[in-house]
Amino acid sequence: MITESFDPLSREIITPEQAVPPEALALAKEWKLETFIVFFSRKLLLALTESGAIEPLHPELSIGSAAGKNPIYRVKDSRIGVALSGIGAPAAAGVLEELRVQFGTRRFLVFGSCGALTPIPEGRLILPTAAVRDEGTSFHYAPAAEEIALPNAERLAPILDALEIPYVRGKTWTTDAFYRETEENLRRRVEQGCVCVEMECSALQALCDFRGLEFYSFLYSADSLHGSWDRRILGDLEADSRLRYFALAKEIALRLEGVS
């Protein structure tokens, strides 16, 4: 059974240390990146590069898979790395694993869109406090359980309060099956206290707990599953709004590092 897959004792057969090319490990030593901001929107990445807000590192430094490699960036004049991840728990977990090995980074701030399960306005920030584990990756990083806590929500909340940014707190439903979010499962998740649904949070928290890393996450409400499905801004968010969410992520990263 998948829920019995956690094996903390025997040796991993393939490790990120083996997967990352030695030349990339050598090049990455030149950069002291204390925090990585990771997101899932290529439109946002293009807007950031066009605006000059981020700069690529060495061409040999990239992250990705056979589906394609993405360069690794840095926020200008900072120790904050920037990386684009594939969507879904396995892809995002692979990105964090390889970034931690390449750069020795211990702090990851991951943000992206989510589906609202309750009446939450489009674009509203959501601070997930726990995640229901309806995906497979987390069961290889943590013992089986229905949920996993996202404890660093308690560190993010005062930052959002200080910035006077409205947000909704609640559990998130992390699922692998975008097209199998059924009415009955939605009802059960709302009863459990979930306010939104996405595809990475529970796995990334489990990974970071297992590896001794810091995981921070905020989401923004895109489509709505409350009542019937409404696409709203899913996949169609204007560039200015995407850049505002990134600006928030940057400000959070700086405050976590004690810069501001």
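Q: How much space lies in the largest cavity?
A: In this predicted model, local features need pLDDT of at least 70 and side-chain atom pairs count only at pLDDT 80 or more, while totals for chains, interfaces and linings use all residues. A cavity is a set of points, on a 1 Å grid over the protein atoms alone, where a 1.4 Å probe fits but cannot get out. A volume is the space filled by probe spheres set on the points, which are joined across faces, edges and corners. For the largest cavity, this space is about 70 Å³.

Q: Which element gives the largest share of the lining of the largest cavity?
A: Lining residues have an atom within 4 Å of a point, and those of the largest cavity include Phe40, Val110, Glu198, Leu204 and Phe215. Strand S7 (107-116), helix H7 (201-211) and strand S12 (214-224) are the elements that give two or more residues to this lining; helices (H or I, at least four residues) and strands (E, at least two) are DSSP runs, numbered from the N terminus. The largest share, 4 residues, comes from S7.

Q: Which element gives the most to the lining of the second largest cavity?
A: The second largest cavity holds about 40 Å³ of space. Among the residues that line it are Pro128, Leu150, Phe215, Tyr216 and Ser217. With 3 residues, the element that gives the most to this lining is S12.

Q: Is Val75 buried or exposed?
A: Residues are numbered from 1 along each chain as its sequence is written, and side-chain values use heavy atoms, with hydrogens and water left out. Val75 is found in strand S5 (residues 73-75), and its contacts (heavy atoms within 4.5 Å), leaving aside neighbours within four places in sequence, are Ala53, Ile54, Ile80, Val82, Phe246 and Lys250. Buried means under 20% relative accessible area, exposed over 50%, and partly exposed in between (1.4 Å probe, protein chains only). Because its relative accessibility is 1%, Val75 counts as buried.

Conventions
On a 1 Å grid over the protein atoms alone, a cavity is a set of points where a 1.4 Å probe fits but cannot get out, and a pocket is an open set with protein on both sides within 12 Å along at least five of seven lines; lining residues have an atom within 4 Å of a point.
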